[in-house]
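The sequence and the structure come first, and the notes follow.

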Amino acid sequence: MTHNIDNEKLVAYVLGELDEAQLNAIEKRLETDKELQDAVAELRATAALAKHALQQAASPVASLSSDQRAAIEVQAKENSDKTDAERPLTLLGLPGGTATNRSFVPRWPVGFLVAAALILIAIAGLFAAGPTLLRSSMMQSSTMSHDHGTTPRAHAPVADLQSGGISAPAAASQTYYRDVNGEADELSNNYFVAGERAKERKVSAFQVERLESLGYLGEGVRLDAATRPGWVGDPNKNFWPGHNTEAYDRIFENPFLDVVQNPLSTFSIDVDTASYANVRRFLTQNTLPPPDAVRIEELVNYFSYDYSPPDGDDPFSAHVEVAGCPWTPEHRLARIGLKGWEMAEDERPASNLVFLLDVSGSMQPPNKLPLLKEAMRLLVEQLGEGDRIAMAVYAGAAGLVLPSTPCDNREAILDALGRLEAGGSTNGGQGIRLAYDLAVENFVKGGVNRVVLATDGDFNVGTTNQGELIRLIEKKAKSGVFLTVLGFGMGNLKDSTLEQLADKGNGNYAYIDTLNEARKVLVEELGGTLVTIAKDVKIQVEFNPAQVRAYRLIGYENRILAAEDFNDDTKDAGEIGAGHTVTALYEVVPAGQDVDLPKVDPLKYQKPVDMAQAAASGELLTLKLRYKQPDGDTSKLLAFPVSDTGAGYAQATADFKFAASVAGFGMLLRDSEHKGAATFDAILELAEEGLGEDRYGYRAEFIELVRKARALGAAE
Amino acid sequence: MTETPLTKEAWVAAALERFEQPLLRYAARITRDVELARDVVQDTFLRLCAAERAEVDAHLGAWLYTVCRNRAFDVRKKEARMTPMPENAAEARPSGTPAPGDVAERHEANAMVLAVLDTLPENQQEAFRLKFNDELTYREIGRVMDISLGTVSNLVTTALMTIRERLRAEMNLAEEV
């Protein structure tokens, strides 16, 4: 044996075969170990040479005979599955590719490229041969442009071919020839050329070095084209009826809790709104959402409420309103509302944003990458002089598309956006590391430092273990960089992964299903999305047993904290952004009422607790809040006693009614055992009473959704 | 959704365009005969026609290599029984492999790599080629060759290290001269 385990690890590192944990370990050693750096450099050179030698030597072998091909064609026809209908040419997904693709996507042998160029030239001749031949040739061209990243003008030949043009293929072949020539140099030192390319795109030498040392510019040797769904022009695989890989974590609804046994209710705030947009997507497609896709707190928090902003030193104000519970009239509903201070657009501190965009094959459909690009354009338009944007993409390998660029250079940013194309499998872990490294490099003290991750969350290459991804994010969040997760698409949306990433990464998570939603998140609520004004915001409510028999927190199931976590500053919790409102609802069973609670035997050694004097105060509950400044480590405590005025729900404010209607809607969609007398009709009535000013029409849209769900529910 | 997937014919045709050459080279290396390789590859694609597309699609490349490899080894076994391999197998080799006489004419370093590779055990060669020529991942190679991930790593590393040692030796030699 001429090598030890270390060699295996190094080779795996050079070939991009290491998992996250091992990658971390090696990179850590690489930072200081000069000898190891040399060893890696030597291995890279050897690997590049070996690859070059093999691919140079791979001259074409005699192809299958026409008889053999014909036999295959016949067989394919015979086995043709009936569900597979003809697919229009325009949907073959012809990506233009980008400079980045060119540098980071694995490459195919030169001989193969030349063959492709010849085939393209041949298309002119084949054009008259009928649609089948043409289609297969087109497939080829699409494959090639996928793999090699031609200029965006690769689109042109397609359009021309469809309209019967003949000249276009020649133009295309020139493109390929250029690529072929470039390819020859590149194969000899793929690694080095990637670095050169990065330099051309005005990355600082330091960044190149850093990227190199981290292996981002290494060879992503991987058989991407073969495994990527986009390659056979089939990004819609997940769209076939009955085939769905969306993942939602099971939600176990919060039960009613006995106040004597559980006097404290503790949870982390959540400003995510993704679930609402996702539910809307289902309903708009005339389906009721799966119950576990409905996170009630995210539905309620999708809407902003008219709570007055803070007037003191604290970054947010707290408001509690108590009134009758609409679905169970003998119960009370307590609404806790927090409102972050509002920030004028010109007060927004300088931003250092790193977009980390998923350009894997699964992002190809129009409601993913194309929508993402539109959304990003909206965001870029909102940003100005003091702001900087960097852009990284990840697919089979992660790569830098745009180094940190001042936002007044809008052209460069939009240009980089425009060049993005989908293709490849998803190595989220590597991308996340790259993005955080970029954010840290360009850190703006006192400013907004944020990674904006846009993906369908289908991380299928590299670190795919969800636990590891989350640990990675958790670690990266300690650098002071915040995270925004934008979820896109459907069919294989990994909702649970994304929510957890945002949760652990000091971030927020929004689901973008339409351009309007993008506008809401990235334009109207930009401040809230970008500027965190308080972090690790925790809520603890102590109920007064003299007033309350039992209570139930509606939603926030995956945000529940242990009572002792409230005072533990190492325990992570939710962030609140500028101008954000956060709303939580408790259904409260007043003292003296009977409620069906799980029975526990009476204690043998302890007497039931005596009431303290304060219990006689008549207060319903005390609301306690803890938060940290965005860059702080110690939390501050706020406490507010709350009394029940005894108001019926008719007397409640419009905001209260609307929030109650949204929560009730969520319970209906989840078919909650606590929905009481709630019906779609009752929800509609409540929502209409709570419509209020509705400046952007979001509440009116909600009413439409309730109507839709009512129709769908009735149909079932 | 309004978009519909490719027909099976187009799917197979696309796979053929993409994989015909690499598979032919791969098969020829195993069968040491281009004609046999063509039969093997035809067979591979006939099986693809009959395969359940949903099961294959996500790992089309690995699937094709696996079927092709099994088929090629079957053929090789059968051929070996019927006609003993000729002593000089170099003639039947696909043009990709350098016969000893070619070496001098090729670029030095390239030639050296290929020459060293030729001296390695067959399983090392195969894993190495699948990695560097066909660009499969370790996982895919493990699947295709039906060996563990650890074995793949070992094979590829050993091969690469041997080549590295040889390169080092050549360079030292060049310096001395």
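## A pair of buried rings

F303(A) and F702(A) are both buried. The model they belong to is a predicted one. The rings of F658(A) and F702(A) also make a pair, which is edge-to-face because their centres are 5.3 Å apart and their planes stand at 70°. F658(A) is part of helix α22 (residues 654-669) of chain A and F702(A) is part of helix α24 of chain A, so this pair ties together parts that are 44 residues apart in sequence. F658(A) is buried, with a relative accessible area of 0%.

Over all chains, the count comes to 20 aromatic pairs. One of them joins F303(A) and F702(A) edge-to-face, at 5.7 Å centre to centre and 80° between the planes. F303(A) lies in the loop between α14 (296-300) and β3 of chain A, and F702(A) lies in helix α24 (residues 698-715), so the pair links parts that are 399 residues apart in sequence.

Ring pairs join a cluster whose members include F303(A), F658(A), F680(A), Y698(A) and F702(A). The charged end of K520(A) sits over the ring of Y698(A), 5.3 Å from its centre.

## Helix α23

F680(A) is also one of the buried residues of helix α23 (residues 680-689) of chain A, together with I683(A), L684(A), L686(A) and A687(A). These residues lie on the same side of α23(A) because they cover an arc of only 170° around the axis.

## The sheet

Five strands of chain A form an open sheet in the order β1-β12-β14-β4-β3, with antiparallel pairing. β1 (257-258) and β3 (316-324) of chain A are at the edges with a single partner strand each, so one side of each has no neighbour in the sheet.

How values were computed
Residues numbered from 1 in each chain as written. Chains lettered and ligands numbered in written order. Predicted model: local features only at pLDDT ≥ 70, side-chain atom pairs only at ≥ 80, totals over all residues. Heavy atoms only, no water. Buried < 20%, exposed > 50% of the residue type's maximum accessible area, 1.4 Å probe, protein only. Helix = DSSP H or I, 4+ residues; strand = E, 2+ residues; numbered from the N terminus. Arc of directions from axis to C-beta. Pairing = 2+ DSSP bridges. Phe/Tyr/Trp six-rings, centres within 6.5 Å; stacked < 30°, edge-to-face > 60°. Lys NZ or Arg CZ within 6 Å of the ring centre and 35° of its normal.
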